[in-house]
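Welcome! Please take a moment to look over the sequence and the structure before reading on.

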Amino acid sequence: MRLLFISLLLMLASVNNTVNALSFEIGKNTFLLDGKPFVIKAAELHYARIPRPYWEHRIKMCKALGMNTICMYIFWNWHEMQEGEFCWTGDRDIAEFCRLCQKNDMYVIVRPGPYACAEWEMGGLPWWLLKKQDIRLRDCDPYFIERVSIFEKEVGKQLSPLTIEHGGPIIMVQVENEYGSYDTNKPYMSEVRDILRASGFDNTVLFQCDWSNNFEQNALPDLMWTMNFGTNAKVREQFKRVKQLRPDYPLMCSEYWSGWFDGWGSAHQTRPSDAMVNGIKDMLNDSISFSLYMTHGGTSFAWWAGANNKGYAPDCTSYDYDAPINEQGAATEKYYKLRTLLQQYSDKKLPEVPKPMAIIEIPEIKFSEMMPLLRAGNIPNAIHSEDIMPMEQYGIGYGSILYSTTMPAVKAGSLLSINDMCDYAIVYINDEIVGRLYRGNGYETTLKLEKDIPEGATLDIFVEAMGRINYSKLINDPKGITRSVELETSIGKDRVTYDLKDWQVRLFPLYEHNRLDSLLNSYSRVPATNSYTSPAYYEATFSLKKTGDTWLDMSTWGKGLVWVNGHCLGRYWNVGPQQALFLPGCWLKKGNNRIVVLDISGPEVLTTRGLSHPIVDILHKEKMPQDAYKVKNSQKRKSHISSGNQGNDAAPGAK
């Protein structure tokens, strides 16, 4: 009986193939795993950027590369999209992701924020925090701390049972993220540390990451200190100061940047593979642990791509990052060079590299129907607002917003200023497009009106929100129009400025799956045309005999988002450099498939197709909205915002 029991235990261990260490701690100049020296070789990837059916494939790719740990952010806004409403199922099931890591003999490092950066919308902070207009983000603001505590306790419910002391794979948990580049505030860092300990991570190694030139600003004595840096950095120099302060502590690079991210209107970014590999070799030769950011970047699907803080620079949907495992999950040249190196530091032969996912092409898909957003019957009811406010104050976080009022009589040459417009606007006067403004153009949000405007003319400003800034103090980034709309004109010899009031506000939130279907079913449809230059949904179906990964060619479309079978693939914009959107094969099905495109400026050609390769390096800066004072060729809109509406939808006179 005893032999049978032992055999059964061995069989179960073989089937589960689980990491089974029970302790992880900080030793003298090394980490200790069950009391033995351990060098962390971590692969950073984000489950939120990978469809759930592909999670295990990506984990296996990291294992075959020679890594022993998965490092992951937890994006707060991905799990609490509305205040108090948490989701931990489906693509958000972080516990299952960690169990898959353990199944594949991989440890886990968890980075639960509350702030992440990561080129993710608002750095992972939820939009609804901005409803409190005086909130101090990443600070000891009582409301912010209260919400952080609630969120981290929910994280603890999911993951504290999976820490290594409970037989799980989680070996370390990060406190906040690169706070030294944001502020100096040890009381705040201490609050976050204490919240994490109270959330079930009291016996887990906690660490904080920063840069070598700022880590002392917020370094807490009871936390592990790790450094972040990229290729071509002098490794020993990066650790010189921390080694002086803590000569007996192990060293770790918690973010070693393998590449970089792309932004709309900027050149595609790459980094040399040899520099990446040589830096890792230097660290391993000195027994320095590391996490490769990113090992697999994936995709910022839907509206989750953030924006850089250089003026305003929104990030592309693709988060390929020039990483060793590309956006589609396939091995690159970087992968094989790094795998060759890591094999030299492994006492076992590395697993075989998993087969890549199948790739297909999809023949031309034609769109015959469209649903104009601003067409009578489709436009939503209005909310009256004396003063203009950002969209968060009207209760939505993602999508677009339309502000409408009437104008006083003004002469040609008058200036219309939209103060703090976020992020892309189409301006109409009496249903005619008089300009398009983009926040990224040096914050130029003033239009010179080219002709006389009669009293009572209707002014409509349609504002599309793009990703919130994810870095620096500018993460407090409300959307829509945040301050005022002013009209400066001449009356005789005097210059007069009108502060326009009495707005009618209409909201266009974004949805997926059933809620998207419900929205589209409420819209009236008309034949699609490529001469329409205002916001509209376009819909088509296509049939497949087999499924596989592909890239939707959006190079002849304007600016917007794409959904396939209810899944939002993300944003496209013809300015590039990204011109095609990754479509995972797991979101396709044999037989009929449905595609929906929301384009706010109109396509050149009413078709798309599925490609066998990405397009990430074609830039068309000339397609950016030009300086507002040079806007020409006003275009007539084929809809009437004020017609066919009922009740308070009619726009009253301006003051």
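Here is a short tour by topic, from confidence to single residues.

This is a predicted model, and the mean pLDDT of its chain is 92. Two stops on the tour are helix α5, which spans residues 142-159, and an open sheet of six strands.

- Of the residues in the chain, 92% reach a pLDDT of 70 or more.
- Where pLDDT is low, the predicted coordinates should not be read in detail.

**Helix α5**
- With 18 residues, α5 reaches 25 Å from its first C-alpha to its last, which is close to the 26 Å expected at 1.5 Å a residue.
- At the start of the helix, a side-chain oxygen of Asp 141 comes to within 2.9 Å of the backbone nitrogen of Tyr 143.
- The buried residues of α5 include Tyr 143, Phe 144, Ile 145, Val 148, Phe 151, Val 155 and Leu 159. Arg 147, Glu 152 and Glu 154 are also among the buried residues.
- What do these buried residues pack against? Their partners are the strands β5 (69-73), β6 (107-111) and β7 (170-174), together with the helices α3 (76-79), α4 (94-103) and α6 (186-201).

- Met 122 lies in the loop between β6 and α5, and its phi is near 55°, a positive value in a residue other than glycine. Met 122 is buried, with a relative accessible area of 0%.
- Arg 138 lies in the loop between β6 and α5, and its phi is near 55°, again positive in a residue other than glycine. At 2% relative accessibility, Arg 138 counts as buried.

**The six-stranded open sheet**
- Follow the strands in the order β26-β15-β27-β32-β29-β30; their pairing is antiparallel.
- The edge strands are β26 (526-527) and β30 (567-573), each of which pairs on one side only.
- Strand β27 (residues 536-544) is mostly covered, with seven of its nine residues buried.
- On one side, β27 pairs with β15 (residues 369-372) over four antiparallel bridges, and Pro 372 has Ala 536 as its bridge partner.
- Nine antiparallel bridges link β27 with β32, and one of the partners in β32 is Asn 592, which is bridged to Ser 543.
- Strands β29 (residues 559-564) and β32 (residues 591-599) run antiparallel and are joined by five bridges. Here Gly 560 has Asp 599 as its bridge partner.

**A hairpin to find**
- Strands β19 and β20 form a hairpin with two residues between them, and Asn 430 in the turn has a positive phi of about 50°.
- The two strands, β19 (residues 424-429) and β20, pair in the antiparallel sense over six bridges. Tyr 424 has Tyr 438 as its bridge partner.
- Strand β20 (residues 432-438) is mostly covered, with six of its seven residues buried.

**Cysteines**
- How many disulfides does a search of the whole structure find? The search finds zero.

**Cis peptide bonds**
- Tyr 293 and Met 294 are joined by a cis peptide bond with omega of about -10°. Met 294 sits in the loop between β11 (289-293) and β12 (307-308).
- The peptide bond from Gly 576 to Pro 577 is cis too, with omega near 10°. Pro 577 is found in the loop between β30 and β31.

How values were computed. Residues numbered from 1 in each chain as written. Predicted model: local features only at pLDDT ≥ 70, side-chain atom pairs only at ≥ 80, totals over all residues. Heavy atoms only, no water. Expected span 1.5 Å × (residues − 1). Buried < 20%, exposed > 50% of the residue type's maximum accessible area, 1.4 Å probe, protein only. Contact = heavy atoms within 4.5 Å. Polar contact = N/O pair within 3.5 Å; in protein donor to acceptor, adjacent residues only side chain to side chain. Pairing = 2+ DSSP bridges. Disulfide = S-S within 2.5 Å. pLDDT = per-residue confidence, 0-100.
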